[in-house]
Structure formats: structure tokens, C-alpha cells
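Subject: Structure handover

Hello,

Here is the structure I said I would pass on. My notes follow it.

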Amino acid sequence: MLRATILNNFLLILLLLKPFTVFAEDFVIKGLLKSLSTIDSYGASSIIDLVGDESAMVQERVVGRIIVNSAVAENTTLHVHYENSFSKGEYLSAVDALNGRTGHIDMLNADSPSDRSQVFSLTQEYLDDNGELAYHRLDRLYVEYVLDDMNIRIGRQALTWGGGKAFNPLDIMNPFSPTDTIRDYKNGTDMIAIQTYSKMFADVQGVLVPRRGDDSGELEYEESSAALKLRNTFIETDAEVLFGWHYGEPFAGGGISVFIGEAALRIDALASKGKHKDSFSAVSNIDYSWLFLGKNIYGYFELYYNSLGKGSIDDVLADRELFERIARGEMYLSDRYYASAGVVYELHPLINLNMSFIYNILDSSYVLQPRVEWDIRENMRILAGIDLPEGNLGSEFGGFYDNRGGGVISPAKRIYGQVVLYF
């Protein structure tokens, strides 16, 4: 029944998109099917043990995505990405059972993407029961108008700013988790983005992100964002500045990228005047590519600082500025000082071995994430890996004891495998 529902959704969206392909001057349809399997393991004192006796929790997720780029008029292209996702497993059942038994259910939930604050509601959750979760959504829906020296995009889209590798303080419009190593797609946001070029600046970008208030459901200034970014290039040095307001708070920042021999050094920083306190965050990284025994190797090292960071969950909950930023998905890790590193080794032109490492400098906890990526065919990729968080109780990656729930809430040790078929 469920597979029939997913198939029907795909057929329906294809029918809805058909007019754009019929009347378009030019169009491209492509997509993918992705299957992700995970096995999560928790310690004996985990809060998960309160609602199940599984030492390892298996979860499956299947995602289908259809991408249509259609030239609907001269210099005008319509971009539509449709996504359908279905998940099933013991972890979802456990989280359902923990509702009402812990005050930190938001840290455990694996809900579908929310359009609560978006201008348009383009996501529908059509199943959430008995360890199953399914939704479909239009994750990109924007019109792009291109001139010789200007690009205007209106609608749901994604924007990436900054040069951070794991941590990226300048990427405030569509942030992502630094521990999510298998991300291949950023959730879209309703916005207006303009990019232009001039003799004075190599790149000028402006963006307006209107948002709705959680309580009112109306567009609100204090929930919205607007920014202007200016970038220029001097020989082999890129420099950029940006400023604006974010959730009603003024901010300013910038970054620089320079080459030191064959290595690239990047530094980004952002300062914000918050409603409750001011904040400052910065990241610096260096990356380098080299050959070893005829094989390509790429590596980076990064340092990150955030003035809002706190060392315990109690301090996070007590700090309104920090808690609000975590709750709205702007921050994922909550301490002040981090180091991260990554290495990619090209074992074969089609096989890459990856290693990522994030270290909390203050509490000495860390997560190690080795994985392998194999482009087995031109239209098929296989990825497999392990997430290994480690730390003492009370540390970020070691977890904390939830007095109300009567168990430890911590990241899982995870084994995963993913198969992606492109068409």
C-alpha cells in the first residue's frame, strides 16, 4: 500500500510538471533514487533502553527526487525539485514511545523538514505512525532570470556562503550539520536572491529571506533575514564582506582566501548584535592536495570558535540566545572551541577513502567518521561508513544524563550504507 502511494505521488508530480516541458523552449528532467540503511548502537544506560531492548536499531530510508529545469521564456528558467521520502525502523518507534517521557525529545526526533516558518507550505507529511515516517515536498521551486551581468532568483532555493569545511559561520541562510558527512542536498528556503557583477566588485550578491512567526503565522520582520555580500579578487587572493540582519539582529562579517604555496588558507568571521547578547564566531582552515605513490590525496585542518558556546546542556537551556539559534537550526554543536580535519585518498579513480574528525577542544570529546565512496557505474554510487562518537558523560559527544527521562541522551555509534541511482 505504501509503495503504491509513493509511486502514485511520483506519477502525479510528473503529470503536474508535464505542461512546463510541453510549452518550454528547452527543458531537462533528471533525478535519483536513494536507499540509506543505518544500524545504531547505544550504551546500556541510554534513554533508548527505556522503550526497547534492542542493542542495535536498524532503520531504512528511501528517497526519490525528480529535478526539472525548464526554459519557460527568453532568459527565464523554472527550477522544480520534487522529493519523496519514506523511513521505517526501530529508532522511529523508540522516539514515538519516548514522547512525554523526556524534556529533550527535540534532540531525538527525526521529523520531516518543516515549512512552519516558510512563506509557502510545500511539504506534506502523509505518514507518521508505528515507526514509519513519510513525506513529500517541493524542495526547489524558483524562477531564474539571467541577463549578461545579473542573475535574479525568486522562490525556494538554497544558498551557500563562506569557506568553512566542517563549520561555516557565514552560511546562515541554509546551514547544515558539520557531522552530517553524507549530505548531498541542502534543504531549500523561500527567498529572493540577486547576483551581479561590476568593475568595482567581482561578485555582488543580495538576498531577502522572509519568514513567518511561529505563533502568528504571519510574515514578520524579526523572523526574516536580508544580507548583501561583496567579493573581489586581487591576484590570487579573494576577499569578501557581508552585512545585513538575521532574525531581526544586525550582523557583519567577511572572509579572505589566500594561497600559501600550493595550500589554500581561508579565514571567515561573523559578528552579530543579538536581542539578548552579542556574539562572534570565526573559522580558519587550510587545505592541500598532493600525490603519494601515484595516488591523489586531499586534506584539510580547521579551527572554529563561537562566543555563544556552552559546555553543558543545562547552560545551553539557560542561555536564551544560544538555545534559540539551536532550536531554529542555525547551530548544531553548542560548545565554543572545535578542531576538525579531513582526508580523502583516491584509492582508485572510482573509489575514494574518506576520514573526517571533529574534536571538542574543551571537553575532549570527538566523533570519528571513516567512509568509502564507490562510483560503481556512471549513474550509480555506493557509500558506506561508520560514525564513532566518543567522550565522557557530560561531554558533547559522550552525551548527558536526562534526570526526567532517567537515561543518557547521546549520539549513536552508527554503521550505514547508501546506494544512489541517478537517472
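Is Asp171 buried or exposed? Asp171 counts as buried, at 4% relative accessibility, which is under the 20% cut-off. Please keep in mind throughout that this is a predicted model.

Salt bridges

The structure holds 26 salt bridges. Asp171 takes part in one of them, with Lys186, and the closest N and O atoms are 2.8 Å apart. Both residues lie in the loop between strand 6 (150-157) and strand 7 (189-196), so the pair ties together parts that are 15 residues apart in sequence. Lys186 is buried too, with a relative accessible area of 16%.

A salt bridge also links Lys229 to Glu240, where the closest N and O atoms are 3.2 Å apart. Lys229 belongs to strand 9 (residues 225-234) and Glu240 to strand 10, so this pair ties together parts that are 11 residues apart in sequence. Lys229 counts as buried at 6% relative accessibility, and Glu240 is buried with a relative accessible area of 13%.

Arg320 and Glu324 form a salt bridge at 3.2 Å, N to O. Both are in helix 4 (residues 320-327), 4 residues apart, which is about one turn of the helix. Here Arg320 is exposed at 54% relative accessibility, while Glu324 is partly exposed, with a relative accessible area of 24%. Elsewhere, salt bridges that share partners join Asp115, Arg137, Asp139, Arg140, Arg156 and Asp190 into one network.

Surface charge

A patch of negative charge on the surface is made up of Asp96, Glu125, Asp128 and Asp129. Which element gives the most to the negative patch? Strand 4 (residues 123-129) does, with 3 residues. Asp128 is found in strand 4 and counts as partly exposed, at 42% relative accessibility.

Aromatic pairs

The whole structure contains 10 aromatic pairs. One of them, Phe357 with Tyr359, is stacked, at 6.2 Å centre to centre and 10° between the planes. Phe357 is partly exposed, with a relative accessible area of 28%; Tyr359 is also partly exposed, at 25% relative accessibility.

Tyr247 sits in the loop between strand 10 (237-246) and strand 11 (249-260), and is buried at 11% relative accessibility. Leu293 is in the loop between strand 13 (278-292) and strand 14 (295-306). What does Leu293 count as at 72% relative accessibility, buried or exposed? Leu293 counts as exposed, because the cut-off for that class is over 50%.

One distance

Gln418 is in strand 21 (residues 413-422) and is buried, with a relative accessible area of 8%. Between the C-alpha atoms of Gln418 and Ala327 there are 28 Å, and the two residues are 91 residues apart along the chain.

Regards

Technical notes. Residues numbered from 1 in each chain as written. Predicted model: local features only at pLDDT ≥ 70, side-chain atom pairs only at ≥ 80, totals over all residues. Heavy atoms only, no water. Patch = residues over 30% accessible without salt bridge, like charges linked within 9 Å, V, L, I, M, F, W, Y side chains within 5 Å. Areas by Shrake-Rupley, 256 points an atom, 1.4 Å probe, with all protein chains shown as cover. Salt bridge = Lys/Arg side-chain N within 4 Å of Asp/Glu carboxyl O. Lys, Arg positive; Asp, Glu negative; His and termini not counted. Charge placed at Lys NZ, Arg CZ, Asp CG, Glu CD. Helix = DSSP H or I, 4+ residues; strand = E, 2+ residues; numbered from the N terminus. Buried < 20%, exposed > 50% of the residue type's maximum accessible area, 1.4 Å probe, protein only. Phe/Tyr/Trp six-rings, centres within 6.5 Å; stacked < 30°, edge-to-face > 60°.
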